[in-house]
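Dear colleague,

I am handing over the structure below, and I would be glad if you looked through it before reading my notes.

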Amino acid sequence: MTADALAAAYAHGPGRVVEPGASPRTAAASGPRVPLAAVRGRFGPALARLLTDVATPLRWEPWNQYNDHRAYPSARAAATVDLVVAGRWLLDPVRRALVGDGTPVVDGPVRVELVRRRDRLSPGYREFGDVLTELEVGHVAAALVEHAARLGLTARVSGLTVTVAFDGMAEAAPASRLPVRSSGVGPRGIAADPRPLPVGVLDAVVEAITRPPAGSPVRDDLRHRLAVRDVEGVADGWYAVDGGLRLVSAGPAVPALQPVFGHPPGTIHVASMNLALVTTGDPAAAVASGGPDGYRALLRAAGATAQHVCTAAAGAGAFCRPARSTDDGPLEALVGAPASHALLYLLLVGRTRGAGFTYDLTPLET
């Protein structure tokens, strides 16, 4: 099984082909539905608020090709992760309800299982759909951890399970909204605002990488290289993010990414971005230490780190565009990754050039 895990990992590298095709329509959950607002128990309202804010649509962008937006990004907005509460109730995110027998009563810690739904991506993704799904699992898990802390809760991730615990603060479910995350406004292509980026955005991104919240599934065996362009008071170049920010090589780092990116500038103008985070990891070492699931856990950790960066960027007034449409080998060489490392994720950060037109779907009670 270890050999199979490594074969899958290396198949996700250079040479992969994603064939065009529509995402399949999957059947909606069936059975009795209990609105999240009706979850009972001492901590029912706090859990309902957590699930609503993290895992249900928060806004609708009519001009966007993928216009259903939540607190975390999803490839093709396919929502490839289902949430199951206490092993019994499946979250119906669109209807903001739990599907299952009876009404959930939450008086203490509760498990939220993350169920992978790779089948919601087009078959044309082949095995690469597994990569995108695992990254999304990391995003969802990290988003639950982040927002739990805002609501006076604690959340800790173990594998595909998030355990949410409660304290006295949770009874009041204090009002605390998530930063409005964006992957970039791009009805005619995504590009960053041409003005210099405030250094506070860079500081927030570095803080998110180096000081993740307790309970998140991040790991210390990820390698992060940050390309910087036109940030106030900071030299352009490649930086290592390993406990802080350390200049590795000065020069035009961000524009060098355009040739290894999978989309033309008219779709995503990489060279206009202010920050680009390249995360790599060692699949063989991860499998050796964690067994056949080691590579998947590595991807989930990269997704969790990316979620923390997305949230930090949003809080600082910037967008964060996750991407995996790259020529992996040249990109790994560009950041000087060790020979044993493989690309895990690329994040592009900048300030949006416009606000777009958005319907806010946040529940009125929040």
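**The sheet and its edge**

In this predicted model, strand 11, which covers residues 237-241, is joined to strand 12 by five bridges, and the two run antiparallel. One of the residues involved is Val241, whose bridge partner in strand 12 is Leu245. Both strands belong to an open sheet of six strands with antiparallel pairing, in which the order is 12-11-10-13-15-14. Strand 12 (245-250) and strand 14 (319-323) stand at the edges, and because each has a single partner strand, one side of each is left without a neighbour in the sheet. From one strand to the next, the twist averages 25 degrees.

**A helix across the sheet**

Helix 6, made of residues 294-315, lies across strand 10 (223-228), strand 13 (275-281), strand 14 and strand 15 (342-350), and it runs at about 10 degrees to strand 15.

His139, which is found in helix 3 (residues 128-150), is in contact with residues including Gly303, Ala304, Ala306, Gln307, Cys310 and Tyr345, once its neighbours within four places in sequence are left aside. With a relative accessible area of 1%, which is under the 20% cut-off, His139 counts as buried.

**A patch on the surface**

Which residues form a nonpolar patch on the surface? They are Trp60, Phe357, Tyr359 and Leu361, which together have about 400 Å² of accessible area. Leu361 lies in the segment after strand 16 (359-360), and its relative accessible area of 32% makes Leu361 partly exposed.

With kind regards

Notes. Residues numbered from 1 in each chain as written. Predicted model: local features only at pLDDT ≥ 70, side-chain atom pairs only at ≥ 80, totals over all residues. Heavy atoms only, no water. Pairing = 2+ DSSP bridges. Helix = DSSP H or I, 4+ residues; strand = E, 2+ residues; numbered from the N terminus. Axes fitted to C-alpha atoms, helices over the stretch in contact; angles between N-to-C directions. Contact = heavy atoms within 4.5 Å. Patch = residues over 30% accessible without salt bridge, like charges linked within 9 Å, V, L, I, M, F, W, Y side chains within 5 Å. Areas by Shrake-Rupley, 256 points an atom, 1.4 Å probe, with all protein chains shown as cover. Salt bridge = Lys/Arg side-chain N within 4 Å of Asp/Glu carboxyl O. Buried < 20%, exposed > 50% of the residue type's maximum accessible area, 1.4 Å probe, protein only.
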